[in-house]
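Hi,

Here is the structure I promised to pass on.

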Amino acid sequence: MPPRPNQPHRPLPTMTADTLVIADFGPRGSRGPRGPRHPGGRGGPDGRGGPGGPRDRRGPRTPGPYRRLLATPGARAFTIGNLLARLPMGMFSVSAVVMIAGTRGSYALAGAVTAAGLGATAVVAPWIARLVDRYGQARIAVPATLLAALGSLALLLCVRLGAPAWTLFVSYAATATTPNLGGMSRARWAYLLDGDEKALHVANSFEQAADEACFMLGPVLAAFLCGTFFPEAGTLTGVTLLVTGALLFAAQRSTEPPPWTPPHPDPHPEPARTRSRPASPRTPLRTPALRPLLTICLAMGAVFGSMEVVTIGFADGQGHRAAAGVVLGLQAAGSCAAGLVYGAVHRQGSVEDRYVWCIAAMTALLTLPLLAAALTGSLLVLACALLVAGMATAPTMVTGMTLVQRHTPPGRLNEGMTLAVTGLLGGIACGSAAGGWTVEHVSPVAGYGVPVTAAAAALMIALVTHRVTHRPAESSNRFT
C-alpha cells in the first residue's frame, strides 16, 4: 500500500514467485535513492541524461541570430514573398538578351534595349519609391508590379511577332516601374525592429545575402530555361515569379510600415509672419550626410559593372566564354557567405569607421583578380581570386545601407534606399562602358584595373567624408 501523506516515501519490497520486486509509489519528481529527478522523466528535460550530464552542463541551446530574426511575428511570410519576387531581378536582363539576340541576330540591339531599360529604371524608381512612402507599399507596389509584368510580356510579343525595333525599347522601358522590393523589405525590418540596432544589422546582412543569392541564381536559371526549352521561357518564368511574390508580399499587411501622412491643417492658424512651415519629411537628396553615400554607391556600381564585362572578355579571350557566368557566380557566392557571417559576428566601432574599413578591404581584395589575370592568365586561378575578392562586397554594402537608413529623413526610407540603388545602377552602366572600352582597346588584363580604380575612388570619398564629419567633434574636444 502507498505511504501516508505525512510519512516519507520509501520503496516497498515484495515477492512474486521467485522474483524480488521493489515498488516505489513516490512522485516522479521526488528524491529517490539516486538523488533528485527532473519532473520531465528520465533524468533530464528531454530524457537524454541526468543532472551533470553533457546536456545539463550546456543548458538550453540559444537560437542563432538569423533564426531569432525570422522568428519575428510576420517576418517569414513577407520574406518568402519578397524572395520570390526578387529572384527575377537577375533573370530579366539575361532573358531579354537571349531572346532578342536569338531572334533578331543582334547582340548590339539586345544590349541597347537592356541599357535603355536600365536608364528608365534610374529615372522612374525614385518616383515609385516616393509614392510607396506616401501611400503605402501595398497600394503602390501591386499596380506598379503588374505594369512592369505587362511590359515584359509586351517585349516578348514584340520579339515573337517581329515588331519594329523601337517597340522593343518602349516595351522594356515599361518594366522600369518594378518597385524596389529589396528596399521595401528593409523598410519592413526597420519598422519591426525599431530601436534594436543589433537586430537591424542582422536584418541588413540577411537582405544583402539575399540580393547576392538572387543575382547569382537568377542568370543561371534564366540561361537554363532559355537554352533548355525556348527563348521566351526565362521571361515567362520571371513574370510569374515576380507577380506571385509581389502579391504574397503585399498581402502581409501586419508588417507593412504605415505611410507618411501630412499633418492636418491648424483650424486656428497663426499670423503669416509667425507661422512655421508644417513638418514634412525632407527629400533625401537635400540631406547633406546622404549625398556622399550616394556618390560612393555610384563608384561601387562602377566596380560591379566593369567586373562583369571584363570577366566575360577575359573568359572569351581564353576560349571559355560560357564559363564566365560560373566565374562571376563564385564572386557572388563569396559575397553571400561573407554577408551571412558578417551579420552574425560581434560588431566593434562606429558604423562610419566600419564603412571606411570595409571599402579599404574591398579595394585591397580587388587587386587579387588583377594579379591573377596578369601573372597567371589562368581562368581557374581568376575564379579563386574572384571568390576571395567577393567576400568584401556584402559587408561593404550592408554597412552602406545601414548608413543610408540612418541618414534618410523619417517617412522617406523607401525613397532613400531606392536612390542608393539608382546610384548603383548608374555606376553599373558607367562601369560597363569603361570596362568594355578597356577590354576592346587595351586588353582584358588591363580591364581589371577599372574596378580597382573605382573602388579606390570610393575609398577616397569615404575618407574625406569621414574626416569632415568628425572634424567638429575633435576640435570641440580640444577646448573642453
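**Aromatic pairs and what surrounds them**

Let me start with Phe-249, which counts as buried because its relative accessibility is 2%, where buried means under 20% relative accessible area, exposed over 50% and partly exposed in between (1.4 Å probe, protein chains only). Before going on, the housekeeping: this is a predicted model, where local features need pLDDT of at least 70 and side-chain atom pairs count only at pLDDT 80 or more, while totals for chains, interfaces and linings use all residues. Residues are numbered from 1 along each chain as its sequence is written, and side-chain values use heavy atoms, with hydrogens and water left out.

A search of the whole structure turns up five aromatic pairs. The rule is that rings of Phe, Tyr and Trp (its six-membered ring) pair if their centres lie within 6.5 Å, with planes under 30 degrees apart counted as stacked, over 60 as edge-to-face and the rest as tilted. Phe-78 sits in helix α3 (residues 75-86) and Phe-249 in helix α10 (residues 233-251), so the pair ties together parts that are 171 residues apart in sequence. Helices here are DSSP runs (H or I, at least four residues), as are strands (E, at least two), numbered from the N terminus. Phe-78 is buried too, at 0% relative accessibility.

Another pair is Phe-314 with Tyr-448, also edge-to-face: 6.1 Å between centres and 70 degrees between the planes. This one links distant parts of the chain, with Phe-314 in helix α11 (residues 290-317) and Tyr-448 in the loop between α18 (444-447) and α19 (449-478), 134 residues apart. Both Phe-314 and Tyr-448 are buried.

Back at Phe-78: together with Trp-189 and Phe-249, Phe-78 makes up one aromatic cluster. The ring of Phe-78 also has the charged end of Arg-188 over it, 5.7 Å from the ring centre. The test for that is NZ of Lys or CZ of Arg within 6 Å of the ring centre and within 35 degrees of the ring normal. Arg-134 lies over the face of Tyr-135 as well, at 5.1 Å from the ring centre.

Glu-207 belongs to helix α9 (residues 197-228). Is Glu-207 buried or exposed? Glu-207 is buried, as its relative accessible area is 1%. Leaving out residues up to four places away in sequence, Glu-207 touches Asn-82, Arg-86, Gly-182, Ser-185, Arg-186 and Trp-189; contact means heavy atoms within 4.5 Å.

Cys-226 is in helix α9 too, and Cys-226 counts as buried at 8% relative accessibility. With residues up to four places away in sequence set aside, Cys-226 touches Ser-95, Val-98, Pro-231 and Gly-234. The C-alpha atoms of Cys-226 and Ala-96 are 9.9 Å apart, though 130 residues separate them along the chain.

**Two partly exposed spots**

Thr-244 is in helix α10 and is partly exposed, with a relative accessible area of 37%. From Thr-244 to Asn-82 is 9.6 Å, C-alpha to C-alpha, across 162 residues of sequence.

Ala-344 is in helix α12 (residues 324-344) and counts as partly exposed at 45% relative accessibility. Again not counting residues up to four places away in sequence, Ala-344 touches Pro-65 and Tyr-66.

On a 1 Å grid over the protein atoms alone, a pocket is an open set of points where a 1.4 Å probe fits, with protein on both sides within 12 Å along at least five of seven lines, and lining residues have an atom within 4 Å of a point. Of its 27 lining residues, the closest to the centre are Ala-187, Ala-190, Tyr-191, Gly-411 and Leu-413. Helices that each supply at least two lining residues include α8 (181-192), α9 and α17 (413-441).

**The chain overall**

The protein chain has 19 helices and two strands. Of its 480 residues, 43% count as buried.

Cheers
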